[in-house]
Amino acid sequence: MSFPPATRGQRRTRGGEAAGGRFLRFLRWARSWLLTTNHKRIGILYLIVVFVWFLFAGLDGLAMRAELATPQTDLFQPDLYDGLFTVHGTQMLFLFAIPIFSGFGNAFVPKMVGAKDMAFPRLNALSFWLIFWAGIVLRLPLYARLFPTEGWTSYAPLSLTPFSSTTGEDWWIVAVFLETVASTLAAVNFLVTIQRERRKGVRYFSLPVFAWGVITASLLAVVAGPFLLGALAMLFFDRWYGTSFFDPSLPNGTLLWQHIFWFYSHPATYIMVLPAFGIMGEVIPLFAGKPLFSYRWVVWSLLGTTLVSATVFWHHMFVTGQEEAYSTFSSVTTFLVSVPTGVLFLNYLATLWRGTIRFATPMLFALGILALFTVGGADGLYLASIPLDRALHSTYWLIGHIHFVLFGGSAMGAFAGLYYWFPDLWGRRLDERWGRVHFWGTLVGVVLTFFPMHFLGTEGMVRRVISYPPGLFDLNAISTLGAVLTGLAQVVLLGNVLYTLFRPLRADDVPWGAPLRADDQLAAPVALEPTSVAGGSG
Amino acid sequence: MQVEIAKVPESPSVAEETSVWPFLFGLALTAFLGGLPVSRPFALSGFALLLASAVGWTWSNVLRPPPEEGEIGGRSRLWWGMVLLIVSEAGLFLSGLLALTAHPEAFARDLNRPLTLGASLVLWSSGFVGGWAVKRMDRRGRFTGGLAATIALGLLFVGYQAFEYRRLYAEGFTLQSGGQGSIFYFLTGLHGAHVVGGLAMLGAILGLALARRIGPSRAPAVRAVMLYWHFVDAVWVVLYAVLYLRLF
């Protein structure tokens, strides 16, 4: 990667550049990136690190599918398999699906509101570095064979010392703690930036939809995030300092963790997907050649989703024997939360209606969300029903559901954002042909991988097991083949990014253009302001 | 096509926007927490680095002029930041209070209500004194005097809490004493840590004001710290009512 010369270093080494001078220049360049407090640079750092975490967690997933390709236990020891699904889930959710949108948010939200930078630039840098370290703390035990084995939910009392004594479990707590601190601080930062650093004349109801996605996700993170911090601290105390918060001998001791954990972690799934909905709101109008259909309804349905999503968390506990009133309440609200999301998607569909649609890659991915998230939302409704959930809970139906909403929502949203904003970040467009290969590979791969899981679930295949009855081989084989295809498609993305970074500039290397929206002039030039980072000296 | 537009280099100042403190602080927090289950010296050195980078971060803030507020009028960005931080901190304490729902035995033991009420009154009065002091930032003598009184009252409270912990431990009521011990020490300890953090911030302001390093131009920061101090007082109202008076 070429790097822009640091002015001071260049002056000193002008004329016959010695090796020492080059090294000094490299140090200045590295310093200007690693210690940066500039929102755009932090955004780029987020994108790089978080996509690397996506790569690692994706390889974990592929390893699991490789093990599940045959009914027997052949590739891994069971505890390694447990470690794989724990780290895969934790890293995908907490270190990809949440911070990826901090990356896009950093790069674009300040510009969208007309701010020079984030409200607290150095706090912003801290959030990034905590995401970086959290990924390392989470993954290291995997390589030291000190596996955290309790899954991404890490239910107490299963995660108490008598049942899981590895350092990996302790470091799982530390990693998730660091990530939650990071995302809570980032959320505070986004909200204050939008509230305080707006240019005069920028009203909340003229903000780009992506900014609304960030606002709603940040509200959830600020309100709910610290509950997880509290639960993690209590778990750590139980493991190390002899407290008895999650004492299984108490009548509700086994449920306490789940109550607190899901109060955060259900809203957390919306933290992962609301910004993706925001990206759809930027991409779909532009490539449909029409203004967004009813901006107000879009914003209100984002806000409605936010509000209702904070009340559905007891639906994770239908099978635990919690009080019926909680189950009934959350069953109703879970059905209810599909209403604002449905309104949002109908708005996006109405935006497409009679538009002149261009199927560029950002649009393909946005439409991919429209398709896949709808499937994931629909199969989630089965889980909202208490009697059906009692049969399907902890089966592969659940795995199918979560991957349709999170791969189909968050990951596809991240790809849409990457293709859409790549020219604004690097001054070049990603290659369209490779992009189409990436999209179709991902779409077909995701459906092949995760759709059969619904049938596996109804056949009774339980999640988090390393072996299964031979009768379920066919569906598992399809799923594994789909996973391989999904993985290959991501190799195409990686190749596309690397190729685009180093290829010479082309005539069409301009940003994708601004969203068209009738009631907003301010957002228009914002996304269009390009600055080059990699190509600065070239 | 406008190919040139993609070649516009970043302004040189972007490369100069750096600070070492967030990097160090993140490293230190990771070393501290990651070290806890592995090695005590490692965790302690992480904690030392954490304190050092907090001091360095604060000092670097003192050295630079206060950043300009945004175009829109109203509360400062620090005020908004502190309000949101308080909302999330409230969740931290609430998660501890939620533990009470699983622990019916959490109110088994009687705690020392009258003496603690005295200490609580000391803490709450520090909030009033501090609020009074912040309104007088332009009169340096009153400001520093008020702050010193606030800090003294806060220290008195922390001292009482240390005394009470000692007494309870001597009576055999410890962190390991079932649900009540866990919840009592977790919540009061979390609150105590917040008091100590607040005292550190107030102490820094007092020291800087005495050294004439900060003046009324830093009012937003001082007000934000005082908002935090009020929050710490308010949390104690809830904790005293729940843990001591059993209003739950």
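Predicted model: local features only at pLDDT ≥ 70, side-chain atom pairs only at ≥ 80, totals over all residues.
## Chain B as a whole

Chain B contains eight helices and zero strands. Read from the N terminus, the order of its elements is α-α-α-α-α-α-α-α. Along the principal axes, the C-alpha atoms of chain B fill a box of roughly 75 × 50 × 35 Å.

Chain B has 248 residues, and 35% of them count as buried. Among the contacts in chain B with a separation of 6 or more, 74% join residues 24 or more positions apart.

## Contact between chains A and B

On the side of chain A, 73 residues are in contact with chain B, and on the side of chain B the number is 54. Helices α2 (19–34), α6, α7 (167–196), α8 and α9 (253–288) of chain A each give two or more residues to this contact.

By class, the side of chain A that touches chain B has 40 nonpolar residues, 21 polar residues and 12 charged residues.

## Helices α4 and α6 of chain A

Two packed helices are described by the angle between their axes and the distance between the axes. For helix α4 (residues 78–97) and helix α6 (residues 121–143) of chain A, the angle is about 175° and the axes are 10 Å apart. An angle over 145° counts as roughly antiparallel, so α4(A) is roughly antiparallel to α6(A).

From α4(A), the contact takes in G83(A), V87(A), T90(A), Q91(A) and L95(A). From α6(A), the residues are I131(A), A134(A), G135(A), L138(A), R139(A) and L142(A). This contact of α4(A) with α6(A) is made up of six nonpolar, four polar and one charged residues.

## Helices α5 and α8 of chain A

Helix α5 (residues 99–113) and helix α8 (residues 209–240) of chain A cross at roughly 120°, and their axes come within 10 Å. The two helices, α5(A) and α8(A), are therefore oblique to each other. Their crossing is left-handed.

In α5(A), the residues that meet α8(A) are F101(A), G105(A), F108(A), V109(A), M112(A) and V113(A). Their partners in α8(A) are F210(A), A211(A), V214(A) and A217(A). Nine residues of the contact of α5(A) with α8(A) are nonpolar and one is polar, with no charged residue.

## Helix α16 of chain A

Helix α16 of chain A covers residues 473–502, which is 30 residues. From its first C-alpha to its last, α16(A) reaches 44 Å, close to the 44 Å expected at 1.5 Å a residue.

The buried residues of α16(A) are N476(A), S479(A), T480(A), G482(A), A483(A), T486(A), A489(A), Q490(A), L493(A), N496(A) and T500(A). These buried residues of α16(A) pack against α3 (39–67) and α15 (432–459) of chain A.

## I284 of chain A

I284(A) lies in helix α9 of chain A, one of the helices that give two or more residues to the side touching chain B. A residue counts as buried if 20 or more other C-beta atoms lie within 10 Å of its own. I284(A) is buried because 28 other C-beta atoms lie within 10 Å.

Leaving out residues up to four places away in sequence, I284(A) touches Y348(A), T351(A), L352(A) and A366(A). S385(A) is 101 residues from I284(A) along the chain, and the C-alpha atoms of these two residues are separated by 33 Å.

How values were computed
Residues numbered from 1 in each chain as written. Chains lettered and ligands numbered in written order. Axes fitted to C-alpha atoms, helices over the stretch in contact; angles between N-to-C directions. Helix = DSSP H or I, 4+ residues; strand = E, 2+ residues; numbered from the N terminus. Parallel < 35°, antiparallel > 145°, perpendicular 65-115°, else oblique. Contact = placed C-beta atoms within 7 Å. Nonpolar A, V, L, I, M, F, W, Y, C, P; charged D, E, K, R; others polar. Left-handed = near helix turned anticlockwise from the far one by under 90°. Expected span 1.5 Å × (residues − 1). Buried ≥ 20, exposed ≤ 12 C-beta atoms within 10 Å, placed from the backbone.
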